[in-house]
Amino acid sequence: MKAAVALAIVGAVTLASGLWQGRLSHRWGESTAMLDAARRIEQVEANCGNWALQSTGTLDETALTQLECAGQFVRTYVNQRTGEAVIATLIVGPPGPTSVHRPEICLSSRNYTSRGERRRVVLHHSDGATSEFWASDFQAHSAGGELLRVCYAWSTGGEWTAPNDARFAFAGSPYLYKVQVSTVLRAGEDADKDTTMTRFLQDFLPKLQRRLVLPPHR
């Protein structure tokens, strides 16, 4: 009798785990809520503040497959006053692959070397809200050895946050947004300050926030 009860418990746990993992990976297709979130990010305004949209692109096929994106864009912006340039990437997809995709892993396996530990950057907005981002620097292996700065954060439709363990923090969400912004530090720029990133994100995030969708009540 005890053995039968134990097997029933194991079976229930295994089934629950399978259902949970299927939900995290969207094994059974994309949800209506996720598709709605994907449609909305296509409506993010082109320009923001002094930043003009210069070009648009998309993630490569490998990244699209790995991340299981429901929606995404890659945009290059140039500040019309200072000439600074940034690349902003936005994706929305299942929380599992979206939460574990980090530049410290991706870029370090390519033509860059990570410089130091990632650090948390807190932005204070004019409406009193705050956003948290991770910031990391990478040195290119090219002859010029350019220094690349990358900031990234996640959201379920509300504020942008940078938890230590994003996979755990967002487990169970029907979908997850990730925004990543990169820029090449110009000669003489203070590497200890996030001036370019801060200026861009302060202008870009309010435009972006209007198109985010909070998940339905469950």
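Visitor: Which residues lie nearest the centre of the second largest pocket?

Guide: His125, Asp127, Ala129, Leu205 and Pro206, among 13 lining residues. This is a predicted model, where local features need pLDDT of at least 70, side-chain atom pairs count only at pLDDT 80 or more, and totals for chains, interfaces and linings use all residues. Numbering runs from 1 along each chain as its sequence is written, and side-chain values use heavy atoms, without hydrogens and water.

Visitor: What makes a set of points a pocket?

Guide: On a 1 Å grid over the protein atoms alone, a pocket is an open set with protein on both sides within 12 Å along at least five of seven lines. Lining residues have an atom within 4 Å of a point. The second largest pocket holds about 210 Å³, counted as the space filled by probe spheres set on the points.

Visitor: Which element gives the most to the lining of the second largest pocket?

Guide: α7, with four residues. The lining divides into four nonpolar, seven polar and two charged residues.

Visitor: Why is Glu68 called partly exposed?

Guide: Its relative accessible area is 32%. Buried means under 20% and exposed over 50%, with a 1.4 Å probe and protein chains only, so Glu68 falls in between. Glu68 sits in the loop between α3 (61-67) and β2 (71-79). Its phi is near 55°, a positive value in a residue other than glycine.

Visitor: Where does pLDDT stay under 50?

Guide: Over residues 1-29. pLDDT is the predictor's confidence in each residue, from 0 to 100. The chain mean is 80. Where pLDDT is low, predicted coordinates should not be read in detail.

Key
1 Å grid on protein atoms, 1.4 Å probe; cavity = no way out; pocket = protein on both sides within 12 Å on 5 of 7 lines; lining within 4 Å. Helix = DSSP H or I, 4+ residues; strand = E, 2+ residues; numbered from the N terminus. Nonpolar A, V, L, I, M, F, W, Y, C, P; charged D, E, K, R; others polar. Contact = heavy atoms within 4.5 Å.
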